Amino acid sequence: MTHENSSENINRLHPEINSHYKKFKKPLPDADRFIKEIRAGNREYLSRAITLIESSSPSVRKLADEIVRKALAYSGRSFRVGITGVPGVGKSTFIDKLGMNFIERGHRVAVLAIDPSSALNKGSILGDKTRMNNLSKSDRAFIRPSPAGGHLGGVGRKTRESIILCEAAGYDRILVETVGVGQSEIYVHSMTDLFLLLKLPGAGDELQGIKRGVMEMADMIIINKADGELKDEARKAVQIFKNALYYFTFRNTDEIDVMAVSSMENSGIEQVAELLEKKYKHLLESGRLEEKRTEQLVFWFEESLNELFRNYFEGNQLLRAERNLLLDRIKQKKITPFEAASKLWDLFIENSER
Ligand code: GDP
């Protein structure tokens, strides 16, 4: 069967996929065609496949699942780096410079993002091409904004699947950015090999507002904007962080590097790239990378289960109504949260046995 024939079949069998993708003004190819084009470096197909992943239509998801499943055979051979920091710390400037450094070393770079605000509203700021001047012009870079809409866990899953597709497309340095809000850091940490925390030099109050959980995840703390008047502050901040690491993490503090850079002036970025490569090599050779990625598979299995349960509960009218009633009773202190959860669970079991 030729690709054209099989895509015609898919279009006939799944009219809703076709109407969903009318905007492409082309018939929707089948999974094999997607894989072939993605493997050949066709960015349009890569983008389209990621759009399929982001769709909420079940039949589109089915095709997306098939593409991801087929892409798995070509995935995994990249270095995945997570990057977090508050808005304005300089993430896009840093990623632009780090990404270009990787490209100069002969790599191909994909930039993905998890924007916690995109889960709530439809906007997505992170990973916007316009924020990364040099990378956006490079044909060795692929930049994709955060998926929008839905629960944050769903946004996380979509980004994780996008990593697989980018790897199948030959991108071997994957940068995933997020901002320091809630679960989004946990998700990025759970899909990357090393995790970087970007900080600003700040007159000795660096340690205020630091979340222990984030320090627990960080493999590298990078003080950005070490230039102009902030240069000395940045040097001091490095020392303050090095001294304080012990109080913030149960991990071996020797594993955590603290460095100052100026993303704007491109100073220190070469050292960051060098150190990242060294750490990656160590992870690979020690077998730790394999171990980490296996732990992440378990994390995503549990996340996916949670998401399925949540979707089921939210999608079922009876359960949703009962849940709201129980919530009211909890607030009125008429029932304990544990009792309420068991009641809802019993109703779920009854409902699913019917
Ligand atoms: P993001 O919100 O974390 O992505 O931060 P941006 O990369 O957009 O940077 C926020 C602002 O900080 C911009 O005006 C950048 O030009 C500026 N900036 C970024 N990196 C540096 C740096 O290393 N030094 C200085 N002085 N400014 C920087």
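This is a predicted model: local features need pLDDT of at least 70, side-chain atom pairs count only at pLDDT 80 or more; totals for chains, interfaces and linings use all residues.
Reader: Where do I begin? What helices and strands does the protein have?

Author: Begin with the elements. The protein has 16 helices and seven strands.

Reader: How much of the protein counts as buried?

Author: Of its 354 residues, 49% count as buried. Then look at how contacts run along the chain. Take contacts between residues at least 6 apart in sequence. Of these, 74% join residues at least 24 apart.

Reader: How do I read a nonpolar core? Which residues touch the most other members of the largest one?

Author: A core is a set of buried nonpolar residues joined through their side chains. The largest one here has 54 residues. Leu 46, Ile 67, Leu 165, Cys 166 and Ile 221 touch the most other members.

Reader: Which residues does Ile 67 touch?

Author: Set aside residues up to four places away in sequence. Ile 67 then touches Ala 31, Phe 34, Ile 35, Ile 38, Ala 49, Leu 52 and Leu 165. There is also a second, separate core, of 31 residues. Among its members are Phe 79, Ile 83, Val 89 and Val 272.

Reader: Now a helix pair. How do H14 and H15 pack?

Author: Two packed helices are described by the angle between their axes and the distance between the axes. Helix H14 covers residues 288-315, and helix H15 covers residues 317-331. They pack at an angle of about 90°, with their axes 5 Å apart. Angles of 65 to 115 degrees count as roughly perpendicular, so H14 is roughly perpendicular to H15.

Reader: Which residues make the contact?

Author: H14 brings Tyr 312, Phe 313, Glu 314 and Gly 315. H15 brings Gln 317, Leu 319 and Arg 320. By type, the residues of this contact divide into three nonpolar, two polar and two charged.

Reader: Let me try single residues. Is Gly 156 buried or exposed?

Author: Check the relative accessible area; under 20% means buried. Gly 156 has 0%, so this residue is buried. Its place is in helix H9 (residues 152-168).

Reader: Which residues is Gly 156 in contact with?

Author: Leave aside neighbours within four places in sequence. Gly 156 is then in contact with Ile 114, Met 191 and Trp 300. Asp 115 and Gly 156 are 41 residues apart along the chain, and their C-alpha atoms are separated by 9.3 Å.

Reader: Where is Ser 78?

Author: Ser 78 is in the loop between helix H5 (58-71) and strand S1 (79-84). At 0% relative accessibility, Ser 78 counts as buried. Again leave aside the neighbours within four places. The contacts of Ser 78 are Glu 167, Tyr 171, Asp 172, Arg 173, Ile 174, Asp 193, Tyr 280 and Arg 293.

Reader: And backbone angles? What is phi of Asn 266?

Author: Phi of Asn 266 is near 60°, a positive value in a residue other than glycine. Asn 266 lies in the loop between strand S7 (257-260) and helix H13 (269-286). With a relative accessible area of 43%, Asn 266 is partly exposed.

Reader: What about Lys 333?

Author: Lys 333 is not glycine, and its phi is positive, near 60°. Find Lys 333 in the loop between H15 and helix H16 (337-353). Exposed means over 50%. Lys 333 has a relative accessible area of 72%, so Lys 333 is exposed.

Technical notes. Residues are numbered from 1 along each chain as its sequence is written. Side-chain values use heavy atoms; hydrogens and water are left out. A nonpolar core is a set of buried Ala, Val, Leu, Ile, Met, Phe, Trp, Tyr and Cys residues joined through side-chain atoms within 4.5 Å. Buried means under 20% relative accessible area, exposed over 50%, partly exposed in between (1.4 Å probe, protein chains only). Contact means heavy atoms within 4.5 Å. Axes are lines fitted to C-alpha atoms, for helices over the stretch in contact, and angles run from 0 to 180 degrees between N-to-C directions. Helices (H or I, at least four residues) and strands (E, at least two) are DSSP runs, numbered from the N terminus. Angles under 35 degrees count as roughly parallel, over 145 as roughly antiparallel, 65 to 115 as roughly perpendicular and the rest as oblique. Ala, Val, Leu, Ile, Met, Phe, Trp, Tyr, Cys and Pro count as nonpolar, Asp, Glu, Lys and Arg as charged, and the others, Gly among them, as polar.
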